[in-house]
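Hi everyone, thanks for making time today. I'd like to walk you through a structure that may be new to you, so let's bring it up on the screen.

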Amino acid sequence: MMLLKNRLVNSMVVSIISLLYGALFMLISGHVEFISILPKGRANYDFWEGWCKFLLVGNIKYIGIVTILIGLIILARTILTIIKYRRVKLDEYEVSLLQRGLSVAGITAILLIPILLILILSEPQYAVPFALFFVVVTWSAFALTSLYFVFRL
Amino acid sequence: MKNIIRKLREDRQLTQVELASLAGVSRQAIIAIENGKYDPSIRLAFKFSQIFGKSIEELFVEEDGK
């Protein structure tokens, strides 16, 4: 709770995780071993084939770049806010908003896990693209929510 | 929960920023409280009570059936 109240700690956690995800996405983009584990067969739905092609051509590096940029913007904006308003700690209203956001993100992630499992069981050869899609969607949603939060408050 | 924070603030010719500074919260918190979107904690309600010289019961009124 104490850490949740600290604006800088919040932003640093989101930024560091964004940087890690971004670096990971850029690292696997076009990587021979990563490409070798991607499925070559047809999927039940065109969307997943499209996603797989997106990964095959290495476009995930763009998601990585955007993720890193979001992380850096969040950190920069927070530092500017602290310098401008001299307020490091979030007030009770801001904490309540943050708690609400975290709850929604947590519940969404929990609900997505069984969907991910069903998808993997229905098409096991697509397990890697499914898992990657799950990571991209959940973290992008969380990072964008954080971005909105730091500009709003 | 209904409150008369906006009315008291305007009566005293305080801006939302000034009230926020006196109460030690953000302007967004004041906006949310005045619009009834956020019910403050007892600590913050007590602070408003000190700022406006009124009791918490006078500042905040429970709405019927809520």
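Let's begin with the lining of the largest pocket, whose residues divide into 20 nonpolar, nine polar and four charged. Please keep in mind that this is a predicted model. How much space lies in that largest pocket? About 660 Å³. The pocket is lined by 33 residues, and the closest to its centre are Leu97(A), Leu98(A), Thr145(A), Phe149(A) and Leu153(A).

Next, the salt bridges. How many does the structure hold over all chains? Five. Let me start with Glu94(A) and Arg7(A), where the closest N and O atoms are 3.5 Å apart. Glu94(A) sits in helix α6 of chain A and Arg7(A) in helix α2 of that chain, so this pair ties together parts that are 87 residues apart in sequence. Are these two residues buried or exposed? Both Glu94(A) and Arg7(A) are buried.

Compare that with Arg42(A) and Glu49(A), whose side chains meet in a salt bridge at 3.6 Å, N to O. Here Arg42(A) counts as exposed, because its relative accessibility is 63%. Glu49(A), at 11% relative accessibility, counts as buried.

Over in chain B, Lys7(B) forms a salt bridge with Asp11(B), with the closest N and O atoms 3.1 Å apart. These two are four residues apart in helix α1 (residues 5–11) of chain B, so about one helical turn separates them. Lys7(B) counts as exposed, at 52% relative accessibility. Chain B also has a network of salt bridges linking Arg6(B), Arg9(B) and Glu34(B).

Let's stay in chain B for one last stop, helix α2 (residues 16–23). Which of its residues are buried? Gln16(B), Leu19(B), Ala20(B) and Ala23(B) are. Seen down the axis of α2(B), the buried residues fall within an arc of 100°, so they line one face of the helix. What do they pack against? They pack against α1, α3 and α4 (42–52) of chain B. Turn to the face of α2(B) that points away from the buried side, and you find the exposed residues Val17(B) and Ser21(B). Finally, just after α2(B) comes Gly24(B), which takes a positive phi of about 75°.

Note on methods
Residues numbered from 1 in each chain as written. Chains lettered and ligands numbered in written order. Predicted model: local features only at pLDDT ≥ 70, side-chain atom pairs only at ≥ 80, totals over all residues. Heavy atoms only, no water. 1 Å grid on protein atoms, 1.4 Å probe; cavity = no way out; pocket = protein on both sides within 12 Å on 5 of 7 lines; lining within 4 Å. Points joined across faces, edges and corners; volume = space filled by probe spheres on them. Nonpolar A, V, L, I, M, F, W, Y, C, P; charged D, E, K, R; others polar. Salt bridge = Lys/Arg side-chain N within 4 Å of Asp/Glu carboxyl O. Buried < 20%, exposed > 50% of the residue type's maximum accessible area, 1.4 Å probe, protein only. Arc of directions from axis to C-beta. Contact = heavy atoms within 4.5 Å.
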